[in-house]
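Here is a short note to read alongside the model on your screen. Take the points in order, and keep the structure open as you go.

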Amino acid sequence: MTETAAKATAAVAFAPPTRFAVPGRVAVAGEAAAVWQTATITGVRRETPHASTFRFAVPGWAGHLPGQHLMLRLTAGDGYAAQRHYSLASAPDDSGHIELTLDHVVDGEVSGWFHTVARPGDTVEVRGPLSGFFAWPGDRPALLLGAGSGVVPLMSMVRHHRARALDVPLRMVVSARSPEELIYARELGPETTTVFTRAAPRGVPVGRMAATHVAPLLAEQPAGGWEAYVCGSNGFAEHASRLLVAAGQPVDRIRIERFG
Ligand SMILES: Cc1cc2nc3c(=O)[nH]c(=O)nc-3n(C[C@H](O)[C@H](O)[C@H](O)COP(=O)(O)OP(=O)(O)OC[C@H]3O[C@@H](n4cnc5c(N)ncnc54)[C@H](O)[C@@H]3O)c2cc1C
């Protein structure tokens, strides 16, 4: 079999290494979550002036579901180590590669290393995937609300939706300070509504995500209702979940990931 044919067969056969424990909650494979693996940077793609996507080869990666994250560890020559959580930006596939998108946090230890030091060929350690609660296997209508780098796990869901040509409804509302700060701007399609909080293109209002963005989506209830996924800072998570509840979304169908 040619490599291409083998890849095509593997792509069809790919199944995430996770199972439903209860409806909507995905059991995380304990072994994969516990073992550190070497991840080699194979590419860097600038998304905005403050955010870049890092592509890694992780030959032993067990696969993931959109919405999951991993733990990343940097270790210095003297043994000092720093660990941080990062959401998986890439859709699940069998490429042996994963992508993370990191905001450059001012004075940030780990994000600072990635944005100022890291080069293709450098290695870090990762363990995961982690968290079944924020995972979306693509089995139910998804309403995604994100702000800043909170769009990262949501984009994995959008990419998965496209890659698998899923017909389950999916809508996303993302908030950024300005068009220049909008991560994945080139990739966003008709499923996405953008909100700009500081500066917007001419004719587009500037302001926070509001009921006017969320309520119309809740009004077009798909069969079975929406599963809402909210990701961003603590402040954004509070604000967006209040908007959802006010528009009629059941509290127990709102999943929140906070980046701090
Ligand atoms: C489940 C989960 C998933 C995450 N996914 C992503 C992701 O996909 N992309 C991403 O860029 N980040 C993500 N984060 C945040 C990430 O884990 C780190 O907190 C972030 O990269 C900062 O780490 P640092 O070492 O650069 O900064 P640190 O050295 O830890 O902090 C430096 C300074 O920045 C402040 N600070 C720390 N974190 C933030 C922040 N997020 N925003 C603003 N100020 C901050 C601190 O208070 C401190 O003053 C995620 C967090 C969680 C919990």
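Predicted model: local features only at pLDDT ≥ 70, side-chain atom pairs only at ≥ 80, totals over all residues.

1. Residues are numbered from 1 along each chain as its sequence is written.

2. Start with the open sheet of six strands, whose order is E6-E5-E8-E3-E4-E7 with antiparallel pairing. Its edge strands are E6 (81-87) and E7 (97-103), each of which pairs on one side only. Strands here are DSSP runs of E with at least two residues, and helices are runs of H or I with at least four, numbered from the N terminus. Two strands pair if DSSP finds at least two bridges between them.

3. Now follow some pairs within this sheet. Strand E5 (residues 69-75) is joined to E6 by seven bridges, and the two run antiparallel; Leu72 faces Arg84 in E6. In their hairpin, with five residues between the strands, Gly79 has a positive phi near 95°. E5 also pairs with strand E8 (residues 123-130), in the antiparallel sense over four bridges, and here Arg73 has Glu125 as its bridge partner.

4. Another antiparallel pair is strand E3 (residues 37-48) with strand E4 (residues 51-57), over seven bridges. Look for Val44, which stands opposite Phe54 in E4.

5. Why is strand E12 (residues 227-232) largely enclosed by the rest of the structure? Five of its six residues are buried, so the rest of the structure largely encloses E12. Buried means that 20 or more other C-beta atoms, placed from the backbone, lie within 10 Å of the residue's own.

6. E12 pairs in the parallel sense with strand E9 (residues 142-147) over five bridges, with Leu144 opposite Tyr229. E12 also pairs in the parallel sense with strand E13 (residues 254-258), over five bridges, where Val230 is partnered by Ile256.

Note on methods
Buried ≥ 20, exposed ≤ 12 C-beta atoms within 10 Å, placed from the backbone.
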